[in-house]
Amino acid sequence: ISSIKIHSIFIIKNQFFIMKKDYVEFICNLHGYLIRLKEIHWNTTNNAEHLLCDEISDDLSDCEDRFTECTMGMEGKHFKIGDLIPYLPNSENLISMLKELEDEIFAMKKKLTEKESGLTNILDEMLEKCGKYKYRATQK
């Protein structure tokens, strides 16, 4: 008996685009965190938090890019414009958003296998950065 892998199916111009569901959802979540981070960035009255949001955004964007490109390479598929719909996190402040992101990363790591160790490495780097940024967000 072989295991069944759940995939998300997108219909694009009468073609089927299949990508592992967990990958798609996580990438959509990461993009949502980038949007929420920008909202926090524009909303803060604290210049240190404003600058920290810029730094976090750069790192998160890099991790999102690496994770997405790695999944596309593993799956042999490419995303097209309009394929991904961002999911915004619930948190509306920086520290709680970072904690929520950490939870999402831990949940994604649990879904990965040994064959997906490249993705695990990217997620581990993201966790390290979340810890650092949670600490730095408490400094005034």
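At what angle do helix 3 and helix 4 pack, and how far apart are their axes? In this predicted model, helix 3 (residues 94–111) and helix 4 (residues 117–138) pack at an angle of about 160 degrees, and their axes lie 10 Å apart. Angles over 145 degrees count as roughly antiparallel, so that is how helix 3 and helix 4 run relative to each other. The crossing of helix 3 past helix 4 is left-handed.

| Helix | Residues in the contact |
|---|---|
| Helix 3 | Leu94, Ile95, Leu98, Lys99, Leu101, Glu102, Ile105, Phe106, Met108, Lys109 |
| Helix 4 | Thr120, Leu123, Asp124, Met126, Leu127, Cys130, Gly131, Tyr133, Lys134, Ala137, Thr138 |

His41 sits in helix 1, which spans residues 21–43. Is His41 buried or exposed? With a relative accessible area of 6%, His41 is buried, because buried means under 20%. Leaving aside residues up to four places away in sequence, His41 touches His50, Cys53 and Asp54.

Finally, a word on confidence. The chain has a mean pLDDT of 87, with 86% of its residues at 70 or more. Residues 1–17 are a stretch to handle separately when reading the model: pLDDT stays under 50 there. For residues 1–17 the model has 29 contacts beyond four places in sequence.

How values were computed
Residues are numbered from 1 along each chain as its sequence is written. This is a predicted model: local features need pLDDT of at least 70, side-chain atom pairs count only at pLDDT 80 or more; totals for chains, interfaces and linings use all residues. Side-chain values use heavy atoms; hydrogens and water are left out. Axes are lines fitted to C-alpha atoms, for helices over the stretch in contact, and angles run from 0 to 180 degrees between N-to-C directions. Helices (H or I, at least four residues) and strands (E, at least two) are DSSP runs, numbered from the N terminus. Angles under 35 degrees count as roughly parallel, over 145 as roughly antiparallel, 65 to 115 as roughly perpendicular and the rest as oblique. A crossing is left-handed if the near helix is turned anticlockwise from the far one by less than a right angle, and right-handed if clockwise. Contact means heavy atoms within 4.5 Å. pLDDT is the predictor's confidence in each residue, from 0 to 100. Buried means under 20% relative accessible area, exposed over 50%, partly exposed in between (1.4 Å probe, protein chains only).
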